[in-house]
Amino acid sequence: MTEMNIVEAINSTLAAEMEREERIILLGQDIGRVGGVFRVTEGLFERFGAARVVDMPLAEGAIIGSSVGLAVSGLIPIPELQFLGFGSQAFHQIEGQVARMRFRSQGRYAMPMVIRAPFGGGVRTPEMHSDAHEARYAHVPGLKVVAPATAADAKGLLTTAIRDEDPVLFLEPLGGYRLQRDDVPEGEHTVPFGQVRRVREGSDITLIAWSTAVRVALHAADLAAEEGISCAVIDVRTLVPLDEVGLAEAVGRTGRALIVHEAPYSGGFGAEVAATVQQEAFWTLQAPIRRVTAYDTPYPIASIEQLYIPSAERVLEGIRLGIGEA
Amino acid sequence: MSLVEAGPEQPHTILAPDGTVPTGYESPLDDAALLYAYRLMKLTRVFDTRAFNLQRQGRLGTFSQVTGQEASVVGSALALEPARDWVVPQYRELPAMLHMGYTLTRALLYFRGNPAGNAMPERVNLMPIQISLGTQVPHAVGLAWGLAHQGSDAVVMTYFGDGTSSEGDIHEAMNLAGVRRAPVVFVLQNNGWAISTPVSSQTAASTFASRAAGYGFPGELVDGNDFFAVHEACARAVARAREGAGPTLIESRAYRLGAHNTADDPTRYVDETVEAERWKLDPLLRMQRYMVARGLLDENTEAALDAELTAEMEAAVVEAEAYPPPHVGQIFDHVYASEPPRVARQRRAAEAGAGGGDD
């Protein structure tokens with residue numbers, strides 16, 4: 001085991017995979033000489049050269065669109081969107097092209113690419129950077145959507161994503177990039193898609209989250225414990241494919257569920273999780289499934305973002321309401 | 001209503017409407033290649049006519065004719081070597097696709113709504129037809145860049161139109177191609193119309209070719225009704241790309257003699273007299289006159305060719321109509337390499353004809 005933060009885990013995984021597989025090519029804005037605005041690709045330009053770590057023109061559509069062609073040529077592109085908030089300018093390529101090229105070409109052109117993108121808020125970026133847009137991508141058939149919360153999972157899920165023949169949107173927790181250091185297995189480490197992580201066991205209510213929201217849920221679980229409420233915490237890890245069985249079992253163990261996410265409430269991926277849980281675990285439920293999320297408002301400017309993103313205190317209030325019901 | 005707006009820059013022309021070429025002009029293509037080109041142009045016209053009738057009979061879905069752009073598409077595509085180079089098409093480039101190894105049967109299947117129409121056989125260097133306009137152009141740039149990255153000397157040719165030129169993807173792709181000196185040839189077929197919208201509503205510039213300067217590579221304006229002018233410019237562009245000199249933009253100024261597609265009614269926006277004038281510039285007629293003058297074609301060989309192409313088309317119609325209809329499993333096939341469990345469950349339910357609706 002080595003202690004790493006998430007940035008270090010992603011960086012070393014990219015390096016190891018590029019060492020293993022020559023067909024991998026990284027492309028994005030500022031990923032080369034400067035090593036990425038968050039330094040996630042630091043040192044890779046020097047190590048693998050300008051032909052494999054490519055500083056791109058400032059154009060999200062061309063970064064993803066050219067990745068389609070790179071994949072058709074036989075390469076494994078790993079494009080970076082500097083912020084998922086700007087992914088809208090590439091969405092037509094991701095949704096219309098990347099995700100369905102395999103289908104449209106009847107299997108001839110697989111898209112074995114990994115689109116890396118930091119997402120979510122909490123680091124006081126200027127406007128438009130921080131939106132948690134995961135739901136719109138989870139709604140795209142043909143695309144897998146992965147959102148690790150720990151450094152170990154960042155390594156394991158990124159390795160799996162790179163080796164997966166399907167296109168994967170790999171969402172990196174912007175707010176959690178350097179928040180904590182975890183033990184990361186050395187050498188080969190893969191985490192299969194479609195398996196939730198049981199972060200903490202508990203008996204009264206199951207908190208379900210992904211990415212940075214897992215930390216918020218854990219914090220809320222600590223606060224709840226002080227009130228004598230025992231919370232289980234589940235990390236969804238991969239939105240697509242979704243571990244329906246793992247979610248149902250986790251909720252079944254407590255009979256209550258509360259979903260936490262950074263995205264707005266309506267149409268958020270929490271709604272999908274809630275619908276799945278009620279269908280798969282309806283007879284174990286003792287109370288309605290609750291959601292604590294951002295509001296149905298645009299992501300606000302930095303000085304008030306902490307009032308927008310679900311806090312541990314708001315989650316605690318949700319836990320109290322959930323426990324009080326039924 | 002007006003003709004295609006001709007700017008102060010006149011397109012480069014070699015083959016005049018009467019089928020003559022300037023004194024001393026020697027075709028770079030030999031007789032066999034010219035016959036191949038003419039055959040492909042004519043086959044396209046045969047397809048358009050027959051497929052239009054099939055569509056009206058309810059035997060084919062919506063499709064777009066190439067009519068009026070045969071010289072533009074065939075002249076450009078013949079600058080490529082099918083075994084080595086690539087075509088990234090839009091949707092009005094049937095003969096370029098045929099040149100690369102696509103078949104009439106697959107084209108018919110595509111327009112019949114059969115998924116097999118987009119299945120390119122291995123070693124056919126073609127991407128699927130593109131419907132989301134402009135998105136194919138960055139694909140072409142990435143493909144060209146990726147092939148060069150792997151040491152290939154292949155060239156990628158991609159097609160789009162005057163309407164699509166307004167899409168943001170075109171700017172992003174051409175800019176990237178310039179930056180990366182990608183071995184790509186952009187063939188912008190200016191056919192005068194984007195459905196009902198004339199070129200004057202797409203751009204205030206007098207040519208599209210002039211855009212290339214802004215991206216740091218050459219642009220050429222050619223007469224899209226002239227097989228030789230298009231071919232010469234594209235062959236030069238392919239040679240440049242192959243030797244590592246980067247991209248070229250070719251504006252092939254043709255004219256859409258048909259409708260946008262079989263659902264369109266151009267009589268609502270195209271002046272009849274204009275249409276009649278444009279037919280006098282028909283690229284196929286122009287090429288035919290040249291072929292006759294060169295001694296490669298006469299009434300007998302033309303009639304024999306007509307019969308041959310009609311038979312070829314009929315054989316494709318028979319084959320396409322006899323093709324097994326798609327089944328429900330094909331809604332799921334090839335979406336994922338590894339199918340998520342809930343999609344697998346949906347597939348099982350669909351294949352079993354189950355109702356329900358929960359998943």
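**Helices, sheet and interface**

Biologist: How are H3(A) and H4(A) placed to each other, roughly parallel or roughly antiparallel?

Modeller: H3(A) and H4(A) are roughly parallel to each other (under 35 degrees; over 145 would be roughly antiparallel, 65 to 115 roughly perpendicular, the rest oblique). This is a predicted model: local features need pLDDT of at least 70 and side-chain atom pairs 80 or more, while totals for chains, interfaces and linings use all residues. Residues are numbered from 1 along each chain as its sequence is written, with chains lettered from A and ligands numbered from 1 in the order written.

Biologist: At what angle do their axes cross?

Modeller: At roughly 20°, and the axes of H3(A) and H4(A) come within 8 Å. Axes are lines fitted to C-alpha atoms, for helices over the stretch in contact, with angles from 0 to 180 degrees between N-to-C directions.

Biologist: Which residues make the contact?

Modeller: A:Gly61, A:Ile64, A:Gly65 and A:Val68 from H3(A), and A:Gln93, A:Ile94, A:Gln97 and A:Val98 from H4(A). Contact is C-beta atoms, placed from the backbone, within 7 Å. Four of these residues are nonpolar, four polar and none charged. Asp, Glu, Lys and Arg count as charged, Ala, Val, Leu, Ile, Met, Phe, Trp, Tyr, Cys and Pro as nonpolar, and the others, Gly among them, as polar.

Biologist: OK, which helices of chain A touch chain B?

Modeller: H3 (60-72), H4 (91-98) and H5 (101-104) of chain A each supply at least two residues to that side, and H3(A) gives the largest share, nine residues. Helices are DSSP runs of H or I, at least four residues, and strands are runs of E, at least two, numbered from the N terminus. In total, 39 residues of chain A are in contact with 36 of chain B. The chain A side has 15 nonpolar, 17 polar and seven charged residues.

Biologist: Switching to chain B: is helix H2 mostly covered or exposed?

Modeller: Mostly covered: eight of the eight residues in H2 (70-77) of chain B are buried, B:Glu70 among them. Buried needs 20 or more other C-beta atoms within 10 Å of the residue's own, exposed 12 or fewer, partly exposed in between; C-beta atoms are placed from the backbone.

Biologist: And what's the strand order in the open sheet of chain A?

Modeller: S9-S11-S10-S13-S14, five strands with mixed pairing; pairing takes at least two DSSP bridges. S9 (197-200) and S14 (290-294) of chain A are at the edges with a single partner strand each, so one side of each has no neighbour in the sheet. S10 (205-209) and S11 (231-235) of chain A pair in the parallel sense over five bridges, with A:Ile205 opposite A:Cys231.

Conventions. Two residues are in contact if their C-beta atoms, placed from the backbone, lie within 7 Å.
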